[in-house]
Each structure stands twice: as structure tokens, then as C-alpha cells.
Amino acid sequence: MQRPNALDLRRALTPSASFWAWTGTEANLGDRLFHGAAALCAFGVVAALAGMGVEMIRASLSSIERFGLGFVTEVTWDPVRELFGAAPFIFGTIVSSLLALAIAVPVAVGVAIFLAELAPAWLRTPASFVVELLAAIPSVVYGLWGVFVLAPWLRDTVQPALAAALGFLPFFGGPARGFGMLAGGLILAIMILPTIASVSRDVMVAVPTSYREAALALGATRFETVQVAVLPHAKAGIVGAVILGLGRALGETMAVTMVIGNRAEISASLFAPAATLASVIANEYAEATSDLYLAALSELGLMLFAVTLILNIGARLLVGKVGRAAPGVRGG
Amino acid sequence: MMAVEASREAAPTPGSAGDTARSAEARAAATAPAVKMQTEALRAWFGAHEVLKAVSLSIPERRVTAVIGPSGCGKSTFIRCLNRMHEVVPGARSAGAVLLDGVDIFERGVDPVLVRRRVGMVFQRANPFPAMSIADNVLAGLRLNGVRPRHPEEVVERALAQAALWDEVKDILSRSGASLSGGQQQRLCIARTLALEPEVVLMDEPCSALDPIATARIEELIHELKDRYTIVIVTHNMQQAARVSDFTAFFYIGELVEHGETDALFTRPQKARTEDYITGRFG
Amino acid sequence: MDAYRRRKVIDVGARAACVAATLLAVVPLVSVLAYVVVRGAAGLSWSFFTALPQPVGEAGGGVANAILGSLQLVGIACVLGVPVGVLAGIYLAEYGRGRFATAVRYAADVMSGIPSIAVGIFVYTLLVLSMRHFSALAGGVALAVLMLPTVTRTTEELLKLVPDSLREAGLALGVPRWRVVLKVVLRTGAPGIATGIMLAVARAAGETAPLLFTAFNNRFWSASLVEPIASLPVQIFTYAVSPYEEWHRQAWAAALVLVVLVLLMNAGARVLTRARGRSR
């Protein structure tokens, strides 16, 4: 049989009914264009992340050159004299975040155990809904509440009580102002609680029922079952949830900025005003007058970016491992 | 070309089955066996696993060809090669030629999209588009191809009537396709295929998920459709193959064992393996 | 028997602690919502929704420009972020195999954890510096970047739920792949994707930090892409940290409007999901 060439073939294969004859080669061209456009957009996601890193390094270059590693340990932040050190903000960020974790983690794990193991079925959906609602309220609204409700309450009730009972400790010294490290840590705790609680609940729910049944059948109480059968298997996932919460706390900006007092000082007292990496950027970035000032602020942002990037990768590795392990365990 | 001659040799044995309508049809088949599609040494793989081994088979125009064989014999892969649906599966590839009206559909420069418009397909499980109404499902092939028929309601009625579904759904055309029963869904899928006016209709075990009554309706339908369309049906049910087809091809582990007129193949199989299979000794 | 009693007491105590923790977690939510509703409602008036902000010291005025500005910013973010995110999600679900797709998935996941203020710096150096002033466009781009990972991953997850048989059905009708993806696969997954986009929009609408030095603020109406623009969250921040009683009242009222908007979008998304669950 004599074979016609490809062009003839295409014509020969065009369907007899004339209404779609026009489509000729368009179909494949369309496929190629669409595939290309989709790939380009997918590349856009990677490019946005990489671009963020590159742009922030570029923006902070003059500060990096000027201050070098000393930037991290320098305690003076004086825009007027163009002296920039990150130490007060690193201190403020770490302390406020750890304070938030210390308050939020026990409560969040309690909430997760309640939602995953104890709550009656009818309560689980509304309770989960409330937890999600907490996560949906904008940060600036928490900040507003912090300014007008939380800070005055701390100033008038909590801080005097703490000072009376534990005033001999350096952490609870100084005047009660409300605004300060304690308020910052507390509002962060409130904001990261839903994240930690809902991720922890998810990993607990993923623990196979057979483990619980095994413990119960041996005569364990409900809490012993949680202790013996659930928590050990959910541990890695809960640690991941805590790291995710820590990542949020480190980067959380508005609410902290509004209640932490914004002073670039390192103080032992939790009552004293402080500042975080995010809060100083929020307060000063739009008004930074000199190039070096802007570069120093950008370098603070770069540090924040790098730390949260590493934390997120770490947390995802931990949570991901649990997720992957769970079906295997179920299968066996 | 070998395969064509083989089918011609197999065809002309009239009179032996008595003076029934069935044999009259067989005689008609013998007198006008124009070849619509033809495979030449068609091979297919999933990854490194070869599922079709050099199959050469011709498919006569406006006849029903049944493809039978035990599961895993490559019969589904075979018909999926006939409209280039095989290559859609990741890791799947094929070699050899498939001629449609004498033109190789695997030739470079041939758009599989155009092949599929001429060679339609009905799947094992009915798969109406759940986000579309019954009428939109029928029109989906045209609309998705960018065609706006001038009288869409006529197209819908004609296709549904051809698929023997019109009377059952004419009052609920705007309901979701997913609301129909399994057998109705499968006939909706057939109507959707027919609305494109293909030349060949491939059916991949269209009744395997249906009850006997729905199966009977589809078989009746196949009988009506063969006046206009060339039909290739894969089935694991030998009675069904015997009931609906004019020609039958028996596959075994990726090879075409025997091919011929259905009556002849079922009554006087030439190969021992075919006989074993149709008498139920394996598979 | 003593050991048994001790175990029993620990069990009851631990369970009570978990219940207490849950109640404790609910307290701030109730407090925040109660204050926002009570104080916010007190500050609401007709002019609050229709008037421009008044200069310090003058009573009345509203945040009409900030409400409109927020809608404009979210609109710009949707126009830029949704198509890119949906297409990237389509890429991951329909074409995404191999290392590139893994990298995209990973980037999207990691990006969703980056502080929004860092996104603000990125957009500032990218757009504000080169355009030499704050602009609505810069604010919209910042919100779009924040939405991007959520939209991408939601689209991917939902398209993966669409059964392959529908893709096959489309292809077997002689439809080119891209049309099958857009008109069959995407259409089938559309309700779920809409839910995901709504949640992303709700989050973006409440973002403040990235707007502080991109969209900045504006005391007047603005319809321009290249001018600074007001937004509800930034307005709340500005008013809250100001020393004026009248502005505090307006901050609460604006917070009420923002919370109602955000929670409505969240509730809408949930209803959408549940309605879909029931119809199947």
C-alpha cells in the first residue's frame, strides 16, 4: 500500500462532517500552549519563594557589609546615629515566642486530647468549628483587643498579683504597665493555640483504633490509654505542630506590635516593654529615612525569613513522616 | 494484508447454519466485508510488560466485532489502541500500525484528538459528567470541541433516540446525568458518543457493571446501531459475544489466537485453545 | 484496691484538665468576639459606611474609603493570584510528575508558613522602590503572593479527587486535553476550589502587616492602581494605636465590619463544602 505523507494524512483524517473541520492542527497547539502556561504558573510559585530570598538579601546587602556578624550581637538600635544592632529584637522575638509556647502548648495538647479522645461525638464538630474560628480572626483584631482589653487587665489585675506573689524574681520586677513582653507572649499564645491544637488533634485521630482497643482491653483507664497508646505514636506529629506554632509566633506581626510596647531594650522583667523582629519592621519600615536604615530593617526581615523557612521545612518533615507512616501501620 | 485475506477465507461458509435470519446476515457479511479498521503487527506495553504481541486483525465496516478472552489477555488494551486511548495511561506505549480507512493513525503528524472524534468509545463503567445535565452530557462532545449546533435540542433527541434512552429521559433533560440508573447512565454515555457521529464505536465491556435487564437493552441497541456504525465490543461474556457480534476475535495472553465469523468460531473453532475457552475449560 | 483508686483519681483529674484546657481556649475567643460586637456596634452609624475619615478632633466621619479600598486590594489580589494559583494547581494535578513538580509543591508548602511581613518587604523592594511610591498595585501583589500557595495546593488536591474516568470520557470524545482539563476536570472540581479560594480571600482580607509599606494608607478615595490606598486592617491599626477616643470607637466599629466579613466568608466556604457533601 502506498502511504501518503503526513500532511495528506491530516487532511484525510479530518472528519467528514464539516462543522469541526476548522480545528485541523489547533488541538495540539492548544495543548502545548496550555501545558506551557500551566508550567509557567507553577514555576511562578517557586520563583516567588526564590525571589523573596534573593530580593531580601539584595535589600540588606549594605547593612551586611557594614555590620557583618556583629549585627546579631550589637544591642544598640539608634537610627539617629545610624547604629544598628539586632540583639534586642532577636531577644524579644525568642522570649515572646518561648513564652507563648510555654503557655499555649499544654493548653493546646489538652484541647487536642479532648477533641480527639474524650469529647462526645456531638460536641466534636462545633468544638472544631470554634478552634477554626479562632484561627480565622485577623491578627489586627486580636491586637485591638490586646490594646483595650488584655493590656489593661494585665496592668490592673495580673501584674500586681504576680508582683506581690513572685516579685522577688527578676522576671516580675518593675512597674506594671500592661504593655510589654508578657502581653506580647500572651497574645501570641492565644493566636498559635488553634494551630497547635488542630494539627495535634489530626495526628491523634490518625493513630489506629486498634492501639487504643489493645490498651483498653488490658484494663487501662481512658487517660492511661491516651498516655500509652496515643501520645507515643502522635509524639512526632505533636512536635511538628509545636514547631509550626513556633513559626507562626516568630513571624506574627500586628498583634504583637500593638501590645509589646516597642522599645529596643533587653530586660529581664516580663513587665518591661520590648520589641520583636517583626514589630520593629512594621513600625519603622515605611518611615526609614536612610538607605542604611532600610537595609538594616531588611536584614531583620531576612533573618526572620530564613528562620521561619528552616522551621517550616523541619516541621513539615516531622508531620509528613507521621502522615506517611500512618497508612502503613493501618495496613499491618 | 494477511489479516484481510484471513477474514475473507473465514467468511464464506453460508447455508450451514440453516435458513435463519442470522445466516442471512452472515451471508450479507460475506458479500460486503469492506475493511474499516485494520491492525498490523500491533504491539503494546505497560512499562516493560508487553500486553499485546503483534496482533494483526481487520475490522469490517458496519459489522459488530466482538473481542473475547480471559481477563488479562489484552483485549481492553487492544481496543484502546484503536483510538489511541492506550497512550493516555502513563508508561504505556505501542508499536505497529492501526489503519483507519487505510491510513495509519499512529503516523507522525496525526492528531490523536481527530482520531478519537472518528473512533468513539464507551467505557466499562458509565462515566457521565457529574457537573452537567443529561442534555449537556449528550452535547458535551460537540460543545467541548467548540461546536455550537444550530438546533441543540434536535441533536439531543436524535442521539438519545439512537441510544434508546429518549422515552425515559425526555422530561428530565435538565437533571444531572449522575441521577440516572446504571444502565441509563451507560446508554447516556453511548448517546454522548453517538452525538459526535463517529464512524467506529468501541465498547469496553459496556455491560459488565449492569444487571441482566439493562444488559439486554444495550445488546438490543448494539443490534440497531450496526446499520450505521462499525462496532467493536470487548466482552468477557461468551454468550453475549455470540448474541451480538458478526465476527469474533479470541485473544489469549496478548496474542490473537483465532478470528472469524462468530457462528463459525463458536461452532467449529480451528484452534484447540479457542475450543478450550469457549467450552469453559479455562478462564 | 488503693492503686486502683489512685489510677481512677489520676484518670478523672487528667480528663478534667483536658476539659478545662478546652474551656480556657474558648475564653479569649468569646472575649474577643463579645468586645468586637458590643463596642463595634456602639460605633456603627450610617456615616461610618459612607463618609471619609475626619481630621483629628472633629467628630463623625467614617471609613468608607477603607472599606472600598479593602475590596479593591482583595480584588486586585484575586485577579493576579487566582489564575496563577489555579493554573499552577492544574499543572501539579494534571502534568506534575518528577522533580520540578515536587519542588513546586514544596515551595508552596513552605511559602504558606513565611511571615506576611516578609512578603511585604519583598514587594516593597520589588515594586515600591522601583515605582518610587506606595501603591494599591503593590498592596494587591503582596496579598496575591500570600494567597498563591493556598490556591495552588487546594486546586491540586481537588483536581486529584476528580476520577480519571471523566478525563478518559472527555478524551474519547475527541476533545483536546486542555479543553478536557478546563471544561470537564476543572468544572467538576469547581465548588471545592471555590471554597479554597474563599478561605484564602478571607485570610487576605484581614492581613495588615504586608500592607503597611505597600498599599500604605490614604485619607481619601482612590481608584488609582499607582496611588496609596486605605484598607480596613491598616485603618484599624492606625486608629487603635492613636491617642484619640473617637478613633478608638471607629477602630472597634471597623473591626466589627472586618470580622463579620471574614467570618461570613469562612461560614460561606463551610456551607459550600457541606452542601456538596450532602448532594453526593
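In this predicted model, chain C and chain B bury about 1,800 Å² between them, and 68% of that area lies on carbon and sulfur atoms. The contact draws on 17 residues from chain C and 27 residues from chain B. On the side of chain C, the residues that lose the most area to chain B are C:Glu168, C:Ala172 and C:Leu173, which together account for 33% of what that side buries.

Between them, chain C and chain A bury about 6,600 Å², of which 81% is on carbon and sulfur atoms. The salt bridge count between chain C and chain A is 1, and C:Arg7 forms a salt bridge with A:Glu224 in which the closest N and O atoms are 2.9 Å apart.

**Salt bridges within and between chains**

A search of the whole structure finds 31 salt bridges over all chains, and the table lists some of them, including pairs from the contacts described above.

| Pair | N to O distance |
|---|---|
| C:Arg7 and A:Glu224 | 2.9 Å |
| B:Glu87 and B:Arg84 | 2.9 Å |
| B:Asp136 and B:Arg143 | 3.0 Å |
| C:Lys160 and C:Glu156 | 2.7 Å |

In the pair within chain B that joins B:Glu87 to B:Arg84, B:Glu87 counts as partly exposed at 31% relative accessibility, whereas B:Arg84 is buried, with a relative accessible area of 10%. In the pair of B:Asp136 and B:Arg143, B:Asp136 is partly exposed with a relative accessible area of 26%, and B:Arg143 is likewise partly exposed, at 29%.

In chain C, C:Lys160 and C:Glu156 are separated by about one helical turn, because they stand 4 residues apart in helix H6 (residues 136-161) of chain C. C:Lys160 is partly exposed, with a relative accessible area of 48%, while C:Glu156 counts as buried at 0% relative accessibility. Both residues belong to a network of salt bridges that links C:Arg105, C:Asp109, C:Arg153, C:Glu156, C:Glu157 and C:Lys160.

Elsewhere in chain C, helix H9 (residues 232-240) is largely enclosed by the rest of the structure, because 8 of its 9 residues are buried. The buried residues of H9(C) are C:Leu232, C:Pro233, C:Val234, C:Gln235, C:Ile236, C:Phe237, C:Tyr239 and C:Ala240.

**Backbone points in chain B**

B:Arg62 has a phi near 50°, a positive value in a residue other than glycine. B:Arg62 lies in the loop between strand E2 (49-60) and strand E3 (64-68) of chain B, and it is partly exposed, with a relative accessible area of 41%. B:Ala164 also has a positive phi, near 55°; this residue lies in the loop between helix H6 (152-162) and helix H7 (166-169) of chain B, and it is partly exposed with a relative accessible area of 22%.

**Chain A and its confidence**

Chain A contains 12 helices and 2 strands, which follow the pattern α-α-α-β-β-α-α-α-α-α-α-α-α-α along the sequence. Of its 332 residues, 52% count as buried, and among contacts in chain A with a separation of 6 or more, 74% come from residues 24 or more positions apart. Chain A exposes about 14,200 Å², with carbon and sulfur atoms supplying 67% of that area.

A nonpolar patch on the surface is formed by A:Ile57, A:Leu61 and A:Ile64, with about 220 Å² of accessible area together. Of these residues, A:Ile57 lies in helix H2 (residues 26-67) of chain A and is partly exposed, with a relative accessible area of 42%.

The mean pLDDT of chain A is 84, and 88% of its residues reach 70 or more.

How values were computed
Residues numbered from 1 in each chain as written. Chains lettered and ligands numbered in written order. Predicted model: local features only at pLDDT ≥ 70, side-chain atom pairs only at ≥ 80, totals over all residues. Heavy atoms only, no water. pLDDT = per-residue confidence, 0-100. Patch = residues over 30% accessible without salt bridge, like charges linked within 9 Å, V, L, I, M, F, W, Y side chains within 5 Å. Areas by Shrake-Rupley, 256 points an atom, 1.4 Å probe, with all protein chains shown as cover. Salt bridge = Lys/Arg side-chain N within 4 Å of Asp/Glu carboxyl O. Buried < 20%, exposed > 50% of the residue type's maximum accessible area, 1.4 Å probe, protein only. Buried area = accessible area lost by both parts, 1.4 Å probe. Contact = heavy atoms within 4.5 Å.
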